[in-house]
Each structure stands twice: as structure tokens, then as C-alpha cells.
Amino acid sequence: NFLRSAAIGDLLIRAKQPDLAIAVLETLDEKIEEYNLIQWDHTIAVDTWASLVQAYKAAKQNKQPNVIAMLHEKQNTILKKISLVDPGKACQLNKIT
């Protein structure tokens with residue numbers, strides 16, 4: 001269930017398990033693309049992507065520079081997706097440290 005997996009991803013972020021959250025949320029990102037969910041319910045897609053951005057940000061702590069760079073690149077890719085649907089949300093997420 002998509003919504004259940006999204007809730008698990010959020011729970012993992014709050015539990016300070018961003019690496020596990022990323023695994024769950026990246027799978028959901030693939031489903032968003034595969035099933036073109038953005039056309040059906042852009043709110044669910046944007047909320048899922050926002051959680052993924054938060055997970056990427058949290059995962060950067062205590063990582064090697066090359067891993068941080070990779071996470072930053074992934075984060076920017078998701079922010080671009082969000083900005084096409086909800087530019088305000090993308091700006092808001094980009095400001096959160």
C-alpha cells in the first residue's frame with residue numbers, strides 16, 4: 001500500500017533512520033514515475049517527495065564527502081520534480097536546513 005509505505009518512511013525519518021527511510025521513499029518515487037501518480041494525485045506525490053528530501057538531508061550527517069555530494073545531487077533532483085508541481089513547497093523545503 002502506497003500510503004502505508006509513505007507513513008513508514010516518515011516514521012523512519014522521525015526515528016532518525018534516514019538511510020532506511022530513503023530505501024522506502026525511493027521505491028515510492030519509482031512508483032510515482034511508473035504509474036504517473038502526479039497526474040492522479042499530485043498532493044500525495046509532492047508529500048512523498050518532500051519526505052524524501054528530508055531523508056536525504058538527514059542522511060548527510062556523519063557521511064563521507066563523496067556520499068554527501070551524491071545525496072545532495074539526489075536531493076536536488078527531487079526538489080526539481082517538486083518545483084514543477086508546487087514551486088512554493090520546493091522553496092520551503094530548500095530553506096529548511
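User: In this predicted model, at what angle do helix α2 and α5 pack, and how far apart are their axes?

Analyst: Helix α2 (residues 18-34) packs against α5 at an angle of about 40 degrees, and the axes are 13 Å apart. The crossing of α2 and α5 is left-handed.

User: Which residues make the contact of α2 with α5?

Analyst: From α2 come I22, E26, D29 and E33, which meet L71, K74, I78 and K81 of α5. Sorted by class, this contact has five charged residues, three nonpolar and no polar.

User: Why is α4 called roughly antiparallel to α5?

Analyst: Helix α4 (residues 42-59) and helix α5 (residues 65-85) pack at about 160 degrees, with axes 9 Å apart. Angles over 145 degrees count as roughly antiparallel, so α4 is roughly antiparallel to α5. Their crossing is left-handed.

User: What makes up the contact between α4 and α5?

Analyst: On the α4 side are H42, V46, W49, A50, L52, V53, Y56, K57 and A59. They meet L71, K74, Q75, I78, L79, K81, I82 and V85 in α5. The residues of this contact divide into 12 nonpolar, three charged and two polar.

User: How do you know whether A58 is buried, partly exposed or exposed?

Analyst: A58, found in helix α4, has a relative accessible area of 32%. Buried means under 20% and exposed means over 50%, so A58 is partly exposed.

User: How far apart are A58 and D41 in sequence and in space?

Analyst: A58 and D41 are 17 residues apart in sequence, and their C-alpha atoms are 26 Å apart in space.

Key:
Residues are numbered from 1 along each chain as its sequence is written. This is a predicted model: local features need pLDDT of at least 70, side-chain atom pairs count only at pLDDT 80 or more; totals for chains, interfaces and linings use all residues. Side-chain values use heavy atoms; hydrogens and water are left out. Axes are lines fitted to C-alpha atoms, for helices over the stretch in contact, and angles run from 0 to 180 degrees between N-to-C directions. Helices (H or I, at least four residues) and strands (E, at least two) are DSSP runs, numbered from the N terminus. Angles under 35 degrees count as roughly parallel, over 145 as roughly antiparallel, 65 to 115 as roughly perpendicular and the rest as oblique. A crossing is left-handed if the near helix is turned anticlockwise from the far one by less than a right angle, and right-handed if clockwise. Contact means heavy atoms within 4.5 Å. Ala, Val, Leu, Ile, Met, Phe, Trp, Tyr, Cys and Pro count as nonpolar, Asp, Glu, Lys and Arg as charged, and the others, Gly among them, as polar. Buried means under 20% relative accessible area, exposed over 50%, partly exposed in between (1.4 Å probe, protein chains only).
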